[in-house]
Amino acid sequence: FGSNLKVLEAMMRWSARLEQVSYKEWTIGASTALDHWIARQVLKMSEETWQTLLEGDVENPNLMALGRSIVQTREALFPESILNVVEDDYDEQDEEQQPDAELPSSDNDDDDDDSEDKQLEQ
């Protein structure tokens, strides 16, 4: 990128934007603008190819590969844009299933255990 000063300057502006606002909070328009910049300026795709990608022909394996290239390039240039949706969902579920931090114990804890044992025996 060093040979193309405009691309380098734009990359620095995108990076500054990512520092100001978490990528998870970006609008669809903002994230699409970043991907458009990557497609056109970094990967040197034509505007026609970009428009075809936006139309979403998922049956075309070449277009799917180009789309993956954009995402991989974005994640390589701007690691803060990586969205681990599966891990985030897992983490949220994991947190919900974990017991609360140590709860204060009461003197009646033993009584509660006895009543649970009696219920199980019946």
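**Exercise 1.** What percentage of the 122 residues in the protein chain is buried?

*Solution.* The model is predicted; local features need pLDDT of at least 70, side-chain atom pairs count only at pLDDT 80 or more, and totals for chains, interfaces and linings use all residues. Residues are numbered from 1 along each chain as its sequence is written, and side-chain values use heavy atoms, without hydrogens and water. Buried means under 20% relative accessible area, with a 1.4 Å probe and protein chains only. Buried residues make up 20% of the 122 residues.

**Exercise 2.** State how many helices and strands the protein chain has.

*Solution.* Helices are DSSP runs of H or I with at least four residues, strands are E runs of at least two, and both are numbered from the N terminus. The protein chain has six helices and zero strands.

**Exercise 3.** Describe how helix 3 meets helix 4.

*Solution.* Step 1: axes are lines fitted to C-alpha atoms over the stretch in contact, and angles run from 0 to 180 degrees between N-to-C directions. The axes of helix 3 (residues 47-55) and helix 4 (residues 61-77) come within 10 Å, crossing at roughly 100°.

Step 2: angles of 65 to 115 degrees count as roughly perpendicular, so helix 3 is roughly perpendicular to helix 4.

Step 3: contact means heavy atoms within 4.5 Å. Helix 3 contributes Thr49, Trp50, Thr52 and Leu53, and helix 4 contributes Leu63, Leu66, Gly67 and Ile70.

**Exercise 4.** Which residues of helix 2 and helix 4 meet?

*Solution.* Helix 2 (residues 28-42) packs against helix 4 at about 100°, with the axes 10 Å apart. Leu34, Asp35, Ile38, Ala39 and Val42 of helix 2 meet Ile70, Thr73, Arg74 and Leu77 of helix 4.

Note on methods. Angles under 35 degrees count as roughly parallel, over 145 as roughly antiparallel, 65 to 115 as roughly perpendicular and the rest as oblique. Buried means under 20% relative accessible area, exposed over 50%, partly exposed in between (1.4 Å probe, protein chains only).
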